[in-house]
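This report walks through the side-chain pairs and strand pairings of one model. Keep the structure open while reading.

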Amino acid sequence: MGLVVGTRKGVFFLDGDEDRSVWTLSEPHFLGHVAQHVVLDPRNGTRLLAAMRTGHLGPTVFWSDDRGGSWNEATTPPAFHSGEELQRSLSAVFWLTPGHPDEPGVWFAGGSPQGLFTTADGGDTWVPVDGWNDHPMWPTWAEWPEQNTPDGSMLHSVIVDPRDAAHMYVGLSSGGVFETTDRGADWHPLNAGCEATFFPDPYPEFGHDPHCVRLHPAQPDRLYQQNHCGIYRMERPEGRWERIGRAMPTDVGDIGFPIELHPRDPDTAWVFPMDGTDVWPRTSPDGRPGVYVT
């Protein structure tokens, strides 16, 4: 298996030859269903999880131990507690992240609305992370019950510090970046220096719209962020974002959704910008897909 591709029409596998010049496309898995996120467990190289939104099952998670040869739906998919006061109902499982290398079987899932869930058995049974979902500030951070993104506000970019399983980050679209140092029992915003031009105060404590947040595995004190309002980098222990996207070509700008990091070089990152004009067409600049690297 070379590449796993999640689409709005299912999951596909691409297998390349030794020099990656010829690729073979698989038949679709989950044909016609929305694959929000598909992730191979780097801790064992065999367990594969897929966050799916299916027409008849709704939001759920499937897992495979033979790299997609067969699939099993989670016995207990991610969900908010039943009968809760806020009456939240999960519309999508949007994000999947394997847990710490010393905790095999642990995964985290982010949803829409912005819930956080975890499993200790490789994705078969999931429970809410109460320290996040029931945090007294959650309705304010998540702007509940408003949902301000086209497909509903979502929790994404769940990051586990490779040095410390108790240290985690999450991103909220919309809401901002948040951090915990006690395995999710308590959380605080981490948005200093990040601009939010859609607010009267462009530098609020929370309310931002990060599109993707990454921690560099070779330098875990460095974070990158592709935001609704630019490309940012943070160096810890300082907790302030620097807008490095201003170095992008001015006729392209630094608005986009994904940011990807080189696995060994913490100074190298790639972005895929989009047209950031007022109409926000969600297309590449001038309709030509492009990649930029630092």
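Phe80 is buried, with a relative accessible area of 9%. The coordinates come from a predicted model. Phe80 pairs with Phe117 in an edge-to-face arrangement, 5.3 Å from centre to centre and with 70 degrees between the planes. Phe80 sits in the loop between strand 7 (72-73) and strand 8 (92-98), and Phe117 in strand 10 (residues 116-119), so the pair ties together parts that are 37 residues apart in sequence. Phe117 also counts as buried, because its relative accessibility is 1%, under the 20% limit.

A second aromatic pair joins Trp132 and Trp141. These rings are stacked, with centres 5.7 Å apart and planes at 25 degrees. Both residues are buried. Trp132 and Trp141 belong to one aromatic cluster with Phe178 and Trp187. The model has nine aromatic pairs by the rule applied.

Charge meets ring at Trp138. The charged end of Arg88 sits over the ring of Trp138, 4.4 Å from its centre. Arg88 also forms a salt bridge with Glu84. Arg88 is buried at 7% relative accessibility, and Glu84 is buried at 15%.

Salt bridges number 17 in total. Side chains of opposite charge can pair when their charged atoms come close.

| Salt bridge | Closest N to O distance |
|---|---|
| Asp65 and Arg47 | 2.6 Å |
| Arg88 and Glu84 | 2.7 Å |

Take the bridge between Asp65 and Arg47. Asp65 lies in the loop between strand 6 (58-64) and strand 7, while Arg47 lies in the loop between strand 4 and strand 5 (48-54), so the pair ties together parts that are 18 residues apart in sequence. Arg47 is buried, with 12%.

Glu179 counts as buried at 4% relative accessibility. Arg236 is buried too, at 18%. Elsewhere, salt bridges that share partners join Arg222, Arg233, Glu235, Glu242 and Asp267 into one network.

Three of them form an open sheet in the order 1-2-3, with antiparallel pairing. Strand 1 (3-7) and strand 3 (23-25) are the edge strands, each pairing on one side only. Ignoring direction, neighbouring strands of this sheet are turned by 25 degrees against each other on average. Strand 2 (residues 10-16) and strand 3 run antiparallel and are joined by three bridges. Leu14 stands opposite Leu25 in strand 3.

Strand 12 (residues 154-160) is mostly covered, with seven of its seven residues buried. Five bridges join strand 12 to strand 13 (residues 168-173), and the two run antiparallel. Met154 has Ser173 in strand 13 as its bridge partner.

His33 is found between strand 3 and strand 4 (34-40). His33 counts as buried at 19% relative accessibility, with the limit set at under 20%. Leaving out residues up to four places away in sequence, His33 touches Thr7, Arg8, Lys9, Gly10, Met52, Arg53, Thr54, Gly55 and His56.

Note on methods. Residues numbered from 1 in each chain as written. Predicted model: local features only at pLDDT ≥ 70, side-chain atom pairs only at ≥ 80, totals over all residues. Heavy atoms only, no water. Buried < 20%, exposed > 50% of the residue type's maximum accessible area, 1.4 Å probe, protein only. Helix = DSSP H or I, 4+ residues; strand = E, 2+ residues; numbered from the N terminus. Pairing = 2+ DSSP bridges. Axes fitted to C-alpha atoms, helices over the stretch in contact; angles between N-to-C directions. Contact = heavy atoms within 4.5 Å. Phe/Tyr/Trp six-rings, centres within 6.5 Å; stacked < 30°, edge-to-face > 60°. Lys NZ or Arg CZ within 6 Å of the ring centre and 35° of its normal. Salt bridge = Lys/Arg side-chain N within 4 Å of Asp/Glu carboxyl O.
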